[in-house]
Amino acid sequence: AWVLGALDLYRERDHSGYLVTAATEMPLLSGIASLLAAVVMPAHPALPYDAGNCSALAPRMSAYVYSECARKLRFGSLGGGKGKGGLFATGRQRRWEAFKRHNCFHAMRPHAEAAMLRAADADAAVRAVQAESSCWSSVFTYPYLNTSIRFGEFSARAPSDAVRRERLVHPSLAWETWMCPATAAIDIGGFLGDTALPIAAVAGASGAVLSFEWNVISYMSVVLQAALNPSLRILPANVGVDARDRYDAKRLHRYVNVPAWVARELPAIVPHLSLIKIDVDDFNEAALESLLALPKVGAAAADARRRPVVKYEWYQRARNEGCGAESQRLWATAAKLGYEVHAGDGTPLPTCQAAKEFARRLGKSLRQFGGENLLSDVMLLPPGVTMANRQQFCPPPLPAAALATLPRLPTPAQVLPEAEQAVRAAELR
């Protein structure tokens, strides 16, 4: 057993010095493999985006690391330390900690992205991020409006098909009311792509949806939805959102003011924005405040009713406090932006107290709205726009020339801090 474990470790080792897989899933040999790994694995300096540390692994590992199930199989038990597996877990834990320390999730990202987008079919697209056959993954097809959409899951599974449908195609979402065909949308908080996908279906082949998601694993799900629905234009960006551009050195991550980023990097679509969705939990307020940076151009400059409508998550914490300070700021910021607050069904809510009364008439309190799309998300509409007349005040369609300028994915220069761009460029080479 000791000899077999050592041979397997040697065979699975590549020139970067990382031990890529556990020797075996058998408990005894796995423990021996971990013990040997602690001895033979060389130490690496803690350098982010290091081509030698991460890129050599990318062709083999990018199809495994974004799935929790596959990571457990590849890295084994991640306990480590005293009382959590002891000596036999040390090697596995060291491999995992080194993987995270070198930020390989981000360094491997271009390989997984490219594999998904060039996939010949749905199965190949899923295998690009979930190649472990013993781990769960699936692609679901749902009829929606006058088309059908394909939604892939590979890491996080919806609790039931009913929940999945509620997130994607439930009539109360009313995407076809708020989104205008052949225009553009901004999805702030892409999560698994379950909002970008139906919005893109409403936009159609002549429209586009920009989806911003900071968590790289969730972001991969957005890329998967884009790959599974090539006739739609979903443009994912792996950046966080905030009121100002900044770089989080601890998380090695870039945060951007989304409207300012869009106006700077993709200005051709700004006059054609018809919908902005905001659902980023603790960053909701900053994201809403950032809309002050969105320029009023084209038809929206001449007629404010043609400005994009905003679907905004009224965060559970704020609703739990009733009409406390956080909720009051929602109405104040909406007024500053020139918007009026409405329930998800279009009912006007001129004040937070009006929202409480709306909930009371439905036999609920503010805190009880958790997914009915009435108060968990509110609609911010330009004055004069209602649910009934929304489609009369759409921005002009996105021109074919502007659509042709959109990439499948942002360039590294658009999503990485300047200090990291040169290193990423070296990895891509």
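Residue numbers start from 1 along each chain as its sequence is written. Because the model is predicted, local features need pLDDT of at least 70 and side-chain atom pairs count only at pLDDT 80 or more, while totals for chains, interfaces and linings use all residues; side-chain values use heavy atoms, with hydrogens and water left out.

**The whole chain**

Show the protein chain as a cartoon. It has 22 helices and twelve strands; helices (H or I, at least four residues) and strands (E, at least two) are DSSP runs, numbered from the N terminus. Of its 429 residues, 55% count as buried. Buried means under 20% relative accessible area, exposed over 50%, and partly exposed in between, with a 1.4 Å probe and protein chains only. Contact means heavy atoms within 4.5 Å. Of the contacts with a separation of 6 or more, 71% are between residues 24 or more positions apart.

Two strands pair if DSSP finds at least two bridges between them.

**Strand 4**

Select 208–212. Five of the five residues of strand 4 are buried, so the strand is largely enclosed by the rest of the structure. Ala208, Leu210 and Phe212 lie on one side, and Val209 and Ser211 on the other. Strand 3 pairs with strand 4 in the parallel sense over five bridges. To see one of them, pick alanine 184, whose bridge partner in strand 4 is alanine 208.

**Strand 12**

Move to residues 377–381, strand 12. Here too, five of the five residues are buried, so strand 12 is largely enclosed by the rest of the structure. Asp377, Met379 and Leu381 are on one side, with Val378 and Leu380 on the other. Strand 12 runs antiparallel to strand 11, joined by three bridges, and antiparallel to strand 10, joined by four bridges. Pick methionine 379: histidine 342 stands opposite this residue, and lysine 311 has it as bridge partner. Leucine 380 stands opposite valine 341.

**Helix 18**

Select 325–337. Helix 18 has 13 residues and reaches 18 Å from its first C-alpha to its last, close to the 18 Å expected at 1.5 Å a residue; the expected span is 1.5 Å times one less than the number of residues. Which residues of helix 18 are buried? They are Glu326, Ser327, Leu330, Trp331, Thr333, Ala334 and Leu337. They cover an arc of only 165 degrees around the axis, which puts them on the same side of helix 18; the arc is that of the directions from the helix axis to the C-beta atoms. On the other side, Ala325, Ala335 and Lys336 are exposed.

The cover over the buried residues includes helix 15 (284–289), strand 10 (309–313), helix 17 (316–320), helix 19 (352–361), and strands 11 and 12. Zoom in on threonine 333, which has a relative accessible area of 10%. Not counting residues up to four places away in sequence, threonine 333 touches Leu288 and Glu289. Just after the helix, glycine 338 takes a positive phi of about 85 degrees.

**The cores**

Finish with the nonpolar cores. A nonpolar core is a set of buried Ala, Val, Leu, Ile, Met, Phe, Trp, Tyr and Cys residues joined through side-chain atoms within 4.5 Å. The largest has 51 residues, and Phe212, Ile278, Trp314 and Leu375 touch the most other members. Apart from that core lies another, of 32 residues, among them Val169, Trp178, Ala196 and Val209.
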